[in-house]
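Colleague: I'd like to learn how to read a sheet in a model. Can we take it strand by strand?

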Amino acid sequence: MSKIPVIEIFGPTIQGEGMVIGQKTMFVRTAGCDYSCSWCDSSFTWDGSGNHLVRQMGAEEIWNELEGYGGDCFSFVTISGGNPALLKNLGSLIALLKQKGIKIGLETQGSKWQDWFYDIDELTISPKPPSSKMETDFEKLDTIVSRLDGSGRISLKVVVFDEQDYSYAKKVHQRYHHVPFFLQVGNADITTEDRSSLVKELLLQYEQLINNVVKDPGLNEVKVLPQLHTLLWGNKRGV
Ligand SMILES: C[S@@+](CC[C@H](N)C(=O)[O-])C[C@H]1O[C@@H](n2cnc3c(N)ncnc32)[C@H](O)[C@@H]1O
Ligand SMILES: Nc1nc2[nH]cc(C(=O)O)c2c(=O)[nH]1
Ligand code: SF4
Ligand SMILES: [Mg+2]
């Protein structure tokens with residue numbers, strides 16, 4: 001059986017972002033990304049700095065470690081990265097988790113399709129705004145969204161740092177107006193260890209984003225969220 005490049009397994013914690021925010025969950029973080037967002041808070045998955053943490057693991061091995069950390073205190077596993085959608089053979093882990101009766105969330109930017117997307121309970125697609133310096137392939141995104149549309153299992157989440165990002169978020173929401181849409185506050189200081197000043201700044205940014213959204217007729221259906229885990233634990237890894 002082919003292996004999966006895993007860089008972190010942690011939990012139980014809570015999902016800090018998006019459609020199932022607050023959900024008790026374990027995390028599996030895979031290595032490697034086809035993007036290199038300027039503000040990526042998980043760049044150790046792709047910039048070489050985390051290479052020593054990468055383990056090639058089989059699905060059973062990952063399951064054993066999840067059980068080792070979580071015992072019987074979890075029923076939900078979130079897969080993130082990097083971009084887990086680069087990994088065709090992640091299907092083996094997804095099949096095993098389903099067999100164990102575990103609900104599955106997955107985070108990806110919407111640049112790649114995998115057939116195992118159909119088996120994800122809560123798929124978050126997070127296309128990247130201009131501040132990331134990445135370019136969205138909207139034709140690709142159209143294909144991915146159309147395949148899952150109406151399933152009730154996908155959402156879109158755009159991180160906002162500035163006005164251009166805000167306009168981009170509106171454009172994405174308009175293009176896929178029937179897909180649940182989340183705006184998320186961007187964390188511009190991904191290295192500070194000063195949690196209280198970080199939290200203060202992020203709450204101000206959150207308030208500003210809310211102020212913009214509430215008076216915007218183009219964003220009546222959206223939800224505006226912070227990264228809850230960053231408010232709780234700052235830039236700490238593995239939480
Ligand atoms: C680290 S990414 C991994 C999954 C996938 N590559 C993606 O970007 O969706 C997980 C989530 O964190 C968000 N994220 C990354 N860096 C961030 C930052 N500095 N502030 C806020 N959200 C961030 C991404 O936009 C994405 O929604
Ligand atoms: N608690 C918690 N929630 C999260 N939601 C998305 C995360 C990610 O890095 O993909 C994340 C994370 O790293 N921790
Ligand atoms: S797509 Fe996700 S993991 Fe990849 S660089 Fe961007 S935020 Fe980081
Ligand atoms: Mg994160």
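Colleague: How many bridges join β2 to strand β4, and do they run parallel or antiparallel?

Modeller: Strands of a sheet pair through backbone hydrogen bonds, either parallel or antiparallel. Here β2 and β4 (residues 76-80) are parallel, joined by four bridges; Met-26 has Val-77 in β4 as its bridge partner. Strands are DSSP E runs of at least two residues, helices H or I runs of at least four, numbered from the N terminus, and two strands pair if DSSP finds at least two bridges between them. This is a predicted model: local features need pLDDT of at least 70, side-chain atom pairs count only at pLDDT 80 or more, and totals for chains, interfaces and linings use all residues. Residues are numbered from 1 along each chain as its sequence is written, while chains are lettered from A and ligands numbered from 1 in the order in which they are written.

Colleague: Which strand is antiparallel to β2?

Modeller: Strand β1 (residues 4-14), through six bridges, with Ile-9 partnered by Val-28 in β2.

Colleague: Why is β2 largely enclosed?

Modeller: Six of the seven residues of β2 (residues 24-30) are buried, so the rest of the structure largely encloses the strand. Buried means 20 or more other C-beta atoms within 10 Å of the residue's own, with C-beta atoms placed from the backbone.

Colleague: What is the strand order in the open sheet?

Modeller: The nine strands go β3-β1-β2-β4-β5-β6-β7-β8-β9, with mixed pairing. β3 (55-57) and β9 (223-225) are at the edges with a single partner strand each, so one side of each lacks a neighbour in the sheet.

Conventions
A residue is buried if 20 or more other C-beta atoms lie within 10 Å of its own, exposed if 12 or fewer, and partly exposed in between; C-beta atoms are placed from the backbone.
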